[in-house]
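Take a look at the sequence and the model below.

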Amino acid sequence: MLSKKKYRYLLMVILVLGICVGELYEYIKLGTVYTSVPLKPVGLPVITSFRYILMRNTLAYILLMASFILGKPFVFFFFFANGMNIGRFLHYLTLKQTIFLFLPHGIFEYYAYCILAITIIYTLNDLQKLRSYFILKNMAIGYIILCCGALVESTITPALERMLC
């Protein structure tokens, strides 16, 4: 069985591979390497934006939890599919926009999903040592980190967006 650190690297590689495939898909679809789309501030109230983002992230978190039933391959599929979505989105951003608008909250989200994914993998690898406290603790920590990411995405990201526009 791999260590937690190696699983984290493996999930990162799968995510990056998905990003490359998503970027390649947009390149083939549009026939251009980069397509700049001007940013327009959305102007939603922070609480509305936070609730919407948190709802979306919670649904993704619950989808990843389905790996307890669907097995370890679904964990890897989740990261690959998530990477593809990121790659398709990044095709329309400049490097500066990617760094300032995507990375601040994306780091929180990746880490939260990674905690849950490693918990699932370890639980499915060793069902004999199934400890509900370990599972619930890691799920709660991951969800708290996901909430922090939603808070960053709904408050800091729009402020950075206004600076870049």
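**From one cysteine to the core**

Cys-20 lies in helix α1. The model is a predicted one. Gly-87 is 67 residues away from Cys-20 in sequence. In space, their C-alpha atoms are 6.1 Å apart.

Now turn to the helix pair. Two packed helices are described by the angle and the distance between their axes. Helix α1 spans residues 4–30, and helix α4 spans residues 72–90. Their axes come within 6 Å. They cross at roughly 40 degrees. The two helices are therefore oblique to each other. The crossing of α1 and α4 is right-handed. By class, their contact has 16 nonpolar residues, five polar ones and four charged ones.

Next comes the core. The largest nonpolar core has 29 residues. Which of them touch the most other members? They are Leu-11, Leu-64, Val-75, Phe-79 and Tyr-113. The elements giving two or more residues to this core are α1, α2 (46–65), α4, α5 (95–125) and α6 (132–164). Helix α5 gives the largest share, twelve residues.

Finish with Phe-79. Leave aside residues up to four places away in sequence, and Phe-79 touches Leu-11, Ile-14, Leu-15, Tyr-110, Tyr-113, Cys-114 and Ala-117. Two of these partners, Leu-11 and Tyr-113, are also among the core residues that touch the most other members.

Note on methods:
Residues are numbered from 1 along each chain as its sequence is written. This is a predicted model: local features need pLDDT of at least 70, side-chain atom pairs count only at pLDDT 80 or more; totals for chains, interfaces and linings use all residues. Side-chain values use heavy atoms; hydrogens and water are left out. Axes are lines fitted to C-alpha atoms, for helices over the stretch in contact, and angles run from 0 to 180 degrees between N-to-C directions. Helices (H or I, at least four residues) and strands (E, at least two) are DSSP runs, numbered from the N terminus. Angles under 35 degrees count as roughly parallel, over 145 as roughly antiparallel, 65 to 115 as roughly perpendicular and the rest as oblique. A crossing is left-handed if the near helix is turned anticlockwise from the far one by less than a right angle, and right-handed if clockwise. Ala, Val, Leu, Ile, Met, Phe, Trp, Tyr, Cys and Pro count as nonpolar, Asp, Glu, Lys and Arg as charged, and the others, Gly among them, as polar. A nonpolar core is a set of buried Ala, Val, Leu, Ile, Met, Phe, Trp, Tyr and Cys residues joined through side-chain atoms within 4.5 Å. Buried means under 20% relative accessible area, exposed over 50%, partly exposed in between (1.4 Å probe, protein chains only). Contact means heavy atoms within 4.5 Å.
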